[in-house]
Amino acid sequence: MANVVKSKITESLKSVLPIALTVLVVSVAFTPISVSVVLFFVTGVVLLVVGTALFNIGADTAMTPIGNRMGAKLSGSSKIWLIALVSLLLGMFITIAEPDLTILAALVFDGDAGSQWLFMGVVAVGVGLFLVVAVLRIIIRLPLKVVLIVGYAAVFSLCAFVPEGFLPVSFDAGGVTTGPMTVPFIMSLGVGVASVRGGKNSTNDAFGLIALSSIGPILAVELLGIIMNIKGISYNDPAIIQTIIGVGDSRGVAAQFGIGLGKYALDVLISVSPILVFFLLTQLFTCAFSKKQFVKVLIGFLYVFFGLTLFLTGANLGFMSLGYKIGEELSKLFGGGLLIPIAMALGFVTVRAEPAVYVLTKQVRRMSAGAISERAMKLSLSIGVSVALGLAMLRVLTGISILWILVPGYSIAVILSFFTPKLFTGIAFDSGGVTSGAMV
């Protein structure tokens with residue numbers, strides 16, 4: 001196991017180091033930063049490297065085997081209502097505990113606990129319902145692109161009725177629900193279902209669950225905006241940023257990281273608990289795992305817990321403060337013109353350190369028998385995220401409606417699905433979900 005940990009740390013160092021160097025170069029060149037912010041950043045880099053390595057080990061030994069086995073058991077049932085009910089509950093429980101969703105709810109409804117829980121509940125129901133759709137699609141062998149077209153047609157039809165100020169929140173909700181906890185489980189669940197019910201198309205049908213699970217929360221939040229008539233939302237600056245900027249010595253930095261580790265450990269414990277409970281119940285009633293496999297999975301959960309705790313602490317405390325300062329300073333230079341190229345550079349290097357991207361690229365390589373390499377996947381995702389962030393900064397600078405970017409983008413993606421192999425359609429739309437995780 002020591003060799004595995006060493007190998008994973010080396011791998012995560014290669015992913016995180018380019019981000020750290022890029023951020024440092026940008027900050028030195030354009031942003032006056034305090035010593036405390038630098039200390040936060042360096043400490044965050046160390047936590048990211050170790051946390052990413054531990055999380056990846058845990059995903060391999062716990063999340064993926066559980067999802068595969070549970071998917072196979074679920075699809076083996078002849079009772080459609082039972083499959084639908086379990087899929088709905090799985091989607092809701094995993095989503096409500098997703099750390100990314102908690103962060104988004106806090107940014108949008110800062111200080112309003114009732115609105116935060118309503119928002120998270122609506123998003124969870126959306127994911128649960130579309131996870132049902134995704135699983136049943138595999139079982140009845142309905143083409144993925146048909147469901148995607150219907151789903152996004154509904155999404156963009158509702159855009160006409162959603163208050164424009166709330167519309168971007170709807171699409172952000174679709175992104176944050178596919179974070180480090182949700183992706184490994186849902187993706188491996190799809191592989192398990194497809195292996196039993198997919199027939200000849202089992203490899204093609206293994207992908208697409210993430211894509212469809214991202215549509216549900218968009219529709220759900222759009223409906224929330226229409227029903228509640230929410231006119232507009234402005235993301236609130238996280239309070240931790242001002243605390244970090246005000247910290248002036250190493251003892252203060254250590255104290256803040258100590259507080260952060262405790263906070264995110266609790267968040268991760270809440271996130272892991274639903275999957276752990278489902279695993280224990282499945283093992284109790286089906287004995288799906290041998291005693292040795294059972295112990296191995298439990299150890300994997302520990303790796304996930306410690307890895308994700310370190311990762312979220314490093315990302316939120318180490319990177320968020322410096323990212324905030326860089327954005328603030330760059331917006332003052334040359335009319336904000338530097339935001340576009342620098343955002344594109346950061347997008348290119350950041351996506352490689354995203355835990356969910358690791359899960360997707362490994363699953364793609366395995367399901368394609370090595371025909372699609374992890375290196376090729378990461379390169380294409382890096383380019384895609386780079387272009388997307390450039391467009392996002394362009395929208396910030398010009399103030400154009402988000403629909404001028406989203407409608408052509410999704411239209412092109414759907415049209416391309418008629419010309420690409422079926423396997424690539426699922427991978428492509430899944431990629432859109434996994435690249436919008438905690439690191440990004």
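What follows is a short chat about a predicted model.

Biologist: What should I know before I start?

Modeller: This is a predicted model: local features need pLDDT of at least 70, side-chain atom pairs count only at pLDDT 80 or more, and totals for chains, interfaces and linings use all residues. Numbering runs from 1 along each chain as its sequence is written, and side-chain values use heavy atoms, with hydrogens and water left out.

Biologist: What pLDDT does the protein chain average?

Modeller: The average is 82, and 91% of the residues score at least 70. pLDDT is the predictor's confidence in each residue, from 0 to 100.

Biologist: Where is confidence lowest, and where highest?

Modeller: Lowest in helix 11 (residues 239-246), at a mean of 54. Highest in helix 6 (residues 144-158), at 91. Helices here are DSSP runs (H or I, at least four residues), numbered from the N terminus.

Biologist: New topic. How many cavities of 30 Å³ or more does a search of the whole structure find?

Modeller: One. A cavity is a set of points on a 1 Å grid over the protein atoms alone, where a 1.4 Å probe fits but cannot get out. The volume is the space filled by probe spheres set on the points, which are joined across faces, edges and corners.

Biologist: Which residues line the largest cavity?

Modeller: Glu 11, Ser 12, Ser 15, Thr 52, Asn 56, Arg 352, Ala 353, Glu 354, Tyr 358 and Lys 378. Lining residues have an atom within 4 Å of a point. Helix 1 (2-30) and helix 2 (35-75) each give two or more residues to that lining. The largest share, three residues, comes from helix 1.

Biologist: Take Asn 56. Is it buried or exposed?

Modeller: Asn 56 counts as buried, because its relative accessibility is 4%. Buried means under 20% relative accessible area, exposed over 50%, partly exposed in between (1.4 Å probe, protein chains only). Asn 56 is in helix 2.

Biologist: What does Asn 56 touch?

Modeller: Lys 8, Glu 11, Pro 355 and Tyr 358, not counting residues up to four places away in sequence. Contact means heavy atoms within 4.5 Å.

Biologist: And where is Ile 33?

Modeller: In the loop between helix 1 and helix 2. Ile 33 is partly exposed, at 26% relative accessible area. Ile 33 and Ile 326 are 293 residues apart in sequence, yet 8.8 Å apart in space, C-alpha to C-alpha.

Biologist: Last one. What do the buried residues of helix 14 pack against?

Modeller: Helix 1, helix 13 (291-330) and helix 16 (374-398). Those buried residues include Leu 339, Ile 342 and Leu 346.

Notes. On a 1 Å grid over the protein atoms alone, a cavity is a set of points where a 1.4 Å probe fits but cannot get out, and a pocket is an open set with protein on both sides within 12 Å along at least five of seven lines; lining residues have an atom within 4 Å of a point.
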